[in-house]
Protein chains: 2
Amino acid sequence: MRDHHDDRGIPGYNLGSPEVARSPISIEALDELKKSCLLTDEDVIYLRLSYDVLEDQAENLVAMWRGIIAHHPHLRHYSQDVNTGAPDEEYGARVGKRFAQWVLDTARAEYDQAWLDYQYEIGLRHHRAKKNKTDGAHTTAHIRGRDLIGFAAATVAPLRPYLEKGGHSEQVVNRMLDAWWKSMILQVTLWSQPYMNPGDF
Amino acid sequence: MRDHHDDRGIPGYNLGSPEVARSPISIEALDELKKSCLLTDEDVIYLRLSYDVLEDQAENLVAMWRGIIAHHPHLRHYSQDVNTGAPDEEYGARVGKRFAQWVLDTARAEYDQAWLDYQYEIGLRHHRAKKNKTDGAHTTAHIRGRDLIGFAAATVAPLRPYLEKGGHSEQVVNRMLDAWWKSMILQVTLWSQPYMNPGDF
């Protein structure tokens, strides 16, 4: 898997590939979870509206998020080589490309089986079950569950000025931001599954 | 514990009581987690500003959230008696008073040891480890981790009109709402600890 490149040349990005394992939860369970998150069809409209706004800003967003990570030792060390303590540049480059694609996938808001399966895969890639494997890397072996969930806040909180660049009204920007919060929480919930005791999720 | 009432007559509310177990994580770990959530001293200012705005609306907020829960069978059944399938009214009343107090505690934003300990207690009370015990109830024994985390979105997303009633500028309302999102994610992260595999949190 580590050498997989998708059509866009994003290493390790394999949403929709048969090599991604089936999600442990069904599409029906996902529909239920969307309701727990109050994520509605209206939110999907606003997420998709944000696609055009964010498409050309995805790399800037990743750079901004990485600035936050770099500023905090306990986050920064997740992309450091455990042997040298230095940042793993290749790992960083590969993950960064997937992170930018994640912005677009979030805005696309296509909650089909392939998307659901890939959310479980993303969870595994943060967890000791699979971190480093996709990229053949030697960084810290596990992102703590607390940082996985907590960073959801750091991901969405800085989005407003980026969303404002689309020229939409304040009210529409507010709704796009609401939808991003809901989608972020939906996703991080799915990513948390490998972290949970059997039967607890 | 089920008969504990605090000074305000809130049954089972025991933040700061010696009967609450120590949090498994330290205040230093909480400080780190706040950073993962990008929750800063500025957010604390805006949370505290929201106190006066929300103080008289806490019961209305609880009624609104309960409306969401009642609308969805998979959420509603968490407060139904497993023997009769009927809503457990006494359980609902007790939990509702604590839920209203939670609004005030969130706005107070006092992240001390007593608060940290109580977050772990809140997690346990959603989990099969301790659900029903505080209230001597017989409702569904466990709130699924996915609904615990997912409902964080349903909790904060409807807050804007309530925050707007304080008469603050749109910009200040936006900042109060950002701070609520961050605090909500911080808290649900702490609540998730009993759900996680040993060592994963």
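In the predicted model, 4 salt bridges are counted between chain A and chain B. One of the residue pairs joined in this way is Asp200(A) with Arg128(B), whose side chains meet with an N to O distance of 3.0 Å. Polar contacts across the interface of chain A and chain B amount to 31 residue pairs, both residues being at pLDDT 80 or more.

On the side of chain A that touches chain B, at least two residues each are supplied by α1 (27-36), α4 (73-76), α7 (145-156) and α9 (170-191). The largest share comes from α7(A), with 9 residues. By residue class, this side of chain A consists of 22 nonpolar, 12 polar and 10 charged residues.

The contact involves 44 residues from chain A and 44 residues from chain B. Between them the two chains bury about 3,800 Å², and carbon and sulfur atoms account for 58% of this area. Of the area that chain A buries against chain B, 17% is supplied by Ser36(A), Arg146(A) and Asp200(A), more than by any other three residues. Asp200(A) is also the chain A partner in the salt bridge to Arg128(B).

Chain A is superposed on chain B by a rotation of 180° with 0.0 Å of shift along the axis, at an RMSD of 0.0 Å. This is the relation of a two-fold axis. The residue of chain A that comes closest to the rotation axis is Met196(A), its C-alpha lying at 2.0 Å. Because 100% of the interface residues of chain A are also interface residues in chain B, the copies meet through the same surface.

Definitions and conventions
Residues are numbered from 1 along each chain as its sequence is written. Chains are lettered from A and ligands numbered from 1 in the order in which they are written. This is a predicted model: local features need pLDDT of at least 70, side-chain atom pairs count only at pLDDT 80 or more; totals for chains, interfaces and linings use all residues. Side-chain values use heavy atoms; hydrogens and water are left out. Contact means heavy atoms within 4.5 Å. Buried area is the accessible area (1.4 Å probe) that two parts lose on being put together, summed over both. A polar contact is a pair of N or O atoms within 3.5 Å; within protein, one must be able to donate a hydrogen and the other to accept it, and residues adjacent in sequence count only if both atoms are side-chain atoms. Helices (H or I, at least four residues) and strands (E, at least two) are DSSP runs, numbered from the N terminus. Ala, Val, Leu, Ile, Met, Phe, Trp, Tyr, Cys and Pro count as nonpolar, Asp, Glu, Lys and Arg as charged, and the others, Gly among them, as polar. Copies are superposed by least squares on the C-alpha atoms of residues with pLDDT of at least 70 in both.
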